Amino acid sequence: MKPIFMTYTRGDLINLAILLIVGVVVIPMTVSSGYWYTSILIPWLCLALATIGQQIIMGYTGQLALGAAGFMAAGAFACFNLILRVPGIPFVGALLISGLIAAAFGILFGLPSLRVRGIYLMVATLASQFFIIWMIDKFGWFKNYDSSGIITAQDIVIMGKPFTSPVEMYLVIVAVVTPMTLIAMNMARGSTGRNWMSVRDMDIAAESMGVSLLKTKLQAFAISSFYCGVAGALFAFTYLKSLEPVAFDIKLSFKVLFMVILGGLGTINGAFIGAAFILLFPVLLNYIGNNVFHGAIDATIISAIEQVVFGVLMIIFMIYEPLGMAKLWETIKIKIAGLFSKNK
Amino acid sequence: MTERNFPIGGPVLEVKNISLSFGGVKAITDTSFNVLEHEIRAIIGPNGAGKSSMLNCINGIYKPQVGSVTYKGEEIQKVTPNIMAQKGISRTFQNLALFKRMSVLDNILVGRKLHTTSNFMEVALQLPKAKREEKVNRDRCEEIVEFLEIEDIKNTPVGKLPYGLQKKVELGRALATDANLILLDEPMAGMNVEEKREMCRFILKVNDEIGTTMVLIEHDMGVVMDISDRVVVLDYGKVIGDGTPDEVRSNQRVIDAYLGVEH
């Protein structure tokens, strides 16, 4: 399995080509209902991007950080203010700078990781969640002194062309998420990822091999928050279409955390699988409630069932498959391949 | 003895008057010894004699209250694991400190960290420099894998390997740093006779083919006497013997420490 382009093997490239054809050609041509884009595909890709960010810090570097939504909020409001205040700034430029601003916050709130670890670090990083939201709420400047509390996000305009319909926004997201995913894979498979994982698995040995804990941890925090920041900006501009600090509350941080755990710690594709599962599962439950039981089950019960199932799944995965659904997927693939080779 | 590829040279590492205590417990008291270039130097002693603490002082994991470490004629002011790694001192750990969820090859590749200069942007975008470095590092690690005869397990996560093999991977990781001096903390602890013999073979092979200076801690007297050039014996944190295996074997204080003595 030698890589033929960047760090990708032939199999990777074939998968990528198939996914791109499906994502860019097949879906826009066949799916016409706006519901699929606005309620499923767009939030899925945005949250998957944030999950990659959380994955980098938690799954790869082993730092139990809980504040993804805070960095997403930083990215979202940074993007809003950049477009508002910098005339003629291109959308992609604003998106990248938003990511960098979130990364700066990431470095700041990553500092406790140099001293504390595990559950204590989790508590320390919660500060980012509350501080960033508080800051946005406290200083009117961030919200352009809007009194209603809900600000409408600007239209996405790239090279003079507005991207406002669900399909167009979906394509913008694909154009951002695809390269960022590939870049994350390059890092994870290269020396950068090995440094992260060495810190995760045995920090004292990593140090004896010349890996600087300070640099590696802060770098991981910065990159992780960069991903969260870009994801937050996209989330606000395409899914929420508004900017409200409450949308980035602690619940969203937990959601991203669950996506990492269910998807599989330390896997990039797990980010997509985990995000899909957590987003689609409630949709599926609702569908079953409406179409199988014809509304006989109360909506509140359905949402309660959802919580219970998530909780149970989290426990099951933590105990039996810490590598999550990504690992299950690998196992299934190997089993299927085994079936075919036996038939030959 | 046959002619060595790398004849023993002058002192490369000097440990002077090191004292280390944890609260009121004295782990090491006023200990000095040196290590010559290209030699295999053993530190032996009964349990709790301060052998591992000694290694941790050289490597910078512990900070001795008194004393100095001189490497290649330069007294090292601030001894930290990272700085010592940069100076060319690598190590293995007593209770294995491998990256359990990473593959054997990835573990060894981490050892190449100090030979990797491309930053994360270059890696992320796979710029030519990062690709070139990765290739060089991978080739070097494949060589080490071959050298240690562990080709068949190179893609296995280390946590799934038996103890003996993990010890070998740890040696491989230390070798990947291209260090001039490797500290081995009980490289043969918990091994059976067969595995011990194999590990000895590798230690001698590394010393002979690459010329790496080795400092090793060992419990098994037999093994130590067979492979090391000089032995320093610690007991209760003090040097009680220092010399060639034969000199140490006939040293009365060493015999007393090992066999016990009537008071």
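## Chain A: overall fold

In chain A, residues 24 or more positions apart account for 77% of the contacts that have a separation of 6 or more. The model is a predicted one, and within it chain A holds 13 helices and four strands. Buried residues make up 44% of the 344 residues of chain A.

The C-alpha trace of chain A spans about 65 × 60 × 45 Å along its principal axes. Its radius of gyration is 21 Å, which agrees with the value near 20 Å that a compact globule of 344 residues would have.

## Helices 10 and 11 of chain A

Helix 10 (residues 250-263) and helix 11 (residues 269-291) of chain A pack with their axes 7 Å apart, at an angle of about 120°. Because angles of 65 to 115 degrees count as roughly perpendicular and those over 145 as roughly antiparallel, this angle makes helix 10 of chain A oblique to helix 11 of chain A. The crossing by which helix 10 of chain A passes helix 11 of chain A is right-handed.

On the side of helix 10 of chain A, the contact is made by A:Lys255, A:Phe258, A:Met259, A:Val260, A:Leu262 and A:Gly263, while helix 11 of chain A contributes A:Gly270, A:Ala271, A:Ile273, A:Gly274, A:Ala275, A:Phe277 and A:Ile278. Sorted by class, the residues in this contact of helix 10 with helix 11 of chain A are nine nonpolar, three polar and one charged.

## The contact between chains A and B

The contact takes 26 residues from chain A and 32 residues from chain B. On the side of chain A that touches chain B, the elements giving two or more residues are helix 6 (166-189), helix 7 (191-201), helix 8 (203-208) and helix 9 (213-240) of chain A. Helix 7 of chain A gives the most to this side, with seven residues.

By class, the residues on the side of chain A that touches chain B divide into eleven nonpolar, twelve polar and three charged.

## Chain B: overall fold

Chain B contains ten helices and ten strands. Its radius of gyration is 19 Å, close to the 18 Å that the globule rule gives for 263 residues, so chain B is as compact as a globular protein of that length. Taken along the principal axes, the C-alpha atoms of chain B fill a box of roughly 70 × 40 × 40 Å.

Of the 263 residues in chain B, buried residues make up 43%. Among the contacts in chain B with a separation of 6 or more, 70% are accounted for by residues 24 or more positions apart.

Methods:
Residues numbered from 1 in each chain as written. Chains lettered and ligands numbered in written order. Predicted model: local features only at pLDDT ≥ 70, side-chain atom pairs only at ≥ 80, totals over all residues. Rg over C-alpha atoms; globule rule 2.2 N^0.38 Å. Buried ≥ 20, exposed ≤ 12 C-beta atoms within 10 Å, placed from the backbone. Contact = placed C-beta atoms within 7 Å. Axes fitted to C-alpha atoms, helices over the stretch in contact; angles between N-to-C directions. Parallel < 35°, antiparallel > 145°, perpendicular 65-115°, else oblique. Left-handed = near helix turned anticlockwise from the far one by under 90°. Nonpolar A, V, L, I, M, F, W, Y, C, P; charged D, E, K, R; others polar.
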